[in-house]
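Open the structure in your viewer and keep the selection tool at hand. Each stop below names what to pick and what to look for.

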Amino acid sequence: MNRMVLVTGAASGLGYQLTKKYLENQDTVFGLDVRASKEARELEREYPAFSFLNADLSSSRSVFEAAKVIREKTDHLDLIFNNAGIYRFEDKVTLEKTDMEGFSVMYEVNAVGPFRVVKEVWELIGDTSILVFTSSEAGSISDCWRTGEYSYCMSKAALNMGIRILANAVKDRGVRLLAVHPGWMKTAMGGEGAAVDPSASAEGFIRLVEQIDEIPPDRIYMEYDGSPLSW
């Protein structure tokens, strides 16, 4: 369809699957990640419409440099998938055992990073653009059940607040925002015991985008199958 698509975290997992599926659909994809994977390089060789760019979402300068390349190659973005995120297994402990030194990097990548991206490509976002953020049910305050994983949950809750603010800011335009929980995926983050294949999650994300006109504008936070989540 030759849409202009930006995917962060494009080198692996859900981001890779989204990148691959949009390239197969003959769209142009800009993929950002902190480093390239073998799979991402293979996509570069196979698809001339794919541009892989190194970007560390915790660094404003790094995101600026990647966005500069994107701005040189297109005057608009139809879809933005702010998917990149990090997790620390060592945070699965109670508060007294939690290493507080890891909070800042978690926040910088998971909560601030997506908005660094949006800020630097702001001029490419049109009234029909769709911005999809990979959130998590872990970011829900009203439905919180955990007794640990402070830094990850807090970073996703902060991400959700940013999404709500941005949604307010663009409510008079046609720009749509979605905050989507991808499910417990079989990735390095989710582990082998996880229930959802990244390809299936990506298909869910794509269905939401394709059916965006059927989703009420005030319904933003949801599962990858479209089931609503509570903020």
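The tour visits helix pairs, then a cavity, then a pocket. Keep in mind throughout that this is a predicted model.

**Stop 1: H1 and H6**

Select residues 13-24, helix H1, and residues 198-210, helix H6. Their axes come within 8 Å. They cross at roughly 60°. Angles from 65 to 115 degrees would count as roughly perpendicular and those under 35 as roughly parallel, so H1 and H6 are oblique to each other. The crossing of H1 and H6 is right-handed.

Now show the side chains at the contact. From H1, pick Gly13, Leu14, Gln17, Leu18, Lys21 and Tyr22. From H6, pick Pro198, Ser199, Ser201, Ala202, Glu203, Phe205, Ile206, Val209 and Glu210. Colour them by class. The contact of H1 with H6 has eight nonpolar, four polar and three charged residues.

**Stop 2: H1 and H2**

Which hand does the crossing of H1 and H2 have? It is left-handed.

Pick Tyr16, Thr19, Lys20 and Leu23 on the H1 side. They meet Glu39, Ala40 and Leu43 of H2. By class, the contact of H1 with H2 comprises four nonpolar residues, one polar and two charged.

**Stop 3: H3 and H4**

Clear the view. Select helix H3 (60-73) and helix H4 (103-120). H3 and H4 pack at an angle of about 40°, and their axes are 9 Å apart. Their crossing is right-handed.

Show Ser60, Val63, Phe64, Ala67 and Arg71 in H3. Facing them in the contact are Arg116, Val117 and Glu120 in H4. Four of the residues in the contact of H3 with H4 are nonpolar, one is polar and three are charged.

**Stop 4: the cavity**

How many cavities of 30 Å³ or more are counted? The count comes to one. The largest cavity has a volume of about 30 Å³.

To find it, select Leu6, Leu32, Val63, Ala67, Ile70, Val117, Glu120 and Val121, which line it. H3 and H4 are the elements that give two or more residues to this lining. H3 supplies the largest share, three residues. Colour the lining by class. Seven residues are nonpolar, none is polar and one is charged.

Some names return from the previous stop. Val63, Ala67, Val117 and Glu120 belong to the cavity lining and also to the contact between H3 and H4.

**Stop 5: the second largest pocket**

Move on to the second largest pocket, whose volume is about 240 Å³. Its lining has 13 residues. Centre the view on Ala167, Lys171, Pro217, Asp218 and Ile220, which lie nearest the pocket's centre.

Next, highlight helix H5 (150-169) and strand E6 (176-181). These are the elements that give two or more residues to the pocket lining. Which of the elements gives the most? H5 does, with three residues.

Finish by colouring this lining by class. The pocket lining has seven nonpolar, one polar and five charged residues.

Key: Residues numbered from 1 in each chain as written. Predicted model: local features only at pLDDT ≥ 70, side-chain atom pairs only at ≥ 80, totals over all residues. Heavy atoms only, no water. 1 Å grid on protein atoms, 1.4 Å probe; cavity = no way out; pocket = protein on both sides within 12 Å on 5 of 7 lines; lining within 4 Å. Points joined across faces, edges and corners; volume = space filled by probe spheres on them. Helix = DSSP H or I, 4+ residues; strand = E, 2+ residues; numbered from the N terminus. Nonpolar A, V, L, I, M, F, W, Y, C, P; charged D, E, K, R; others polar. Axes fitted to C-alpha atoms, helices over the stretch in contact; angles between N-to-C directions. Parallel < 35°, antiparallel > 145°, perpendicular 65-115°, else oblique. Left-handed = near helix turned anticlockwise from the far one by under 90°. Contact = heavy atoms within 4.5 Å.
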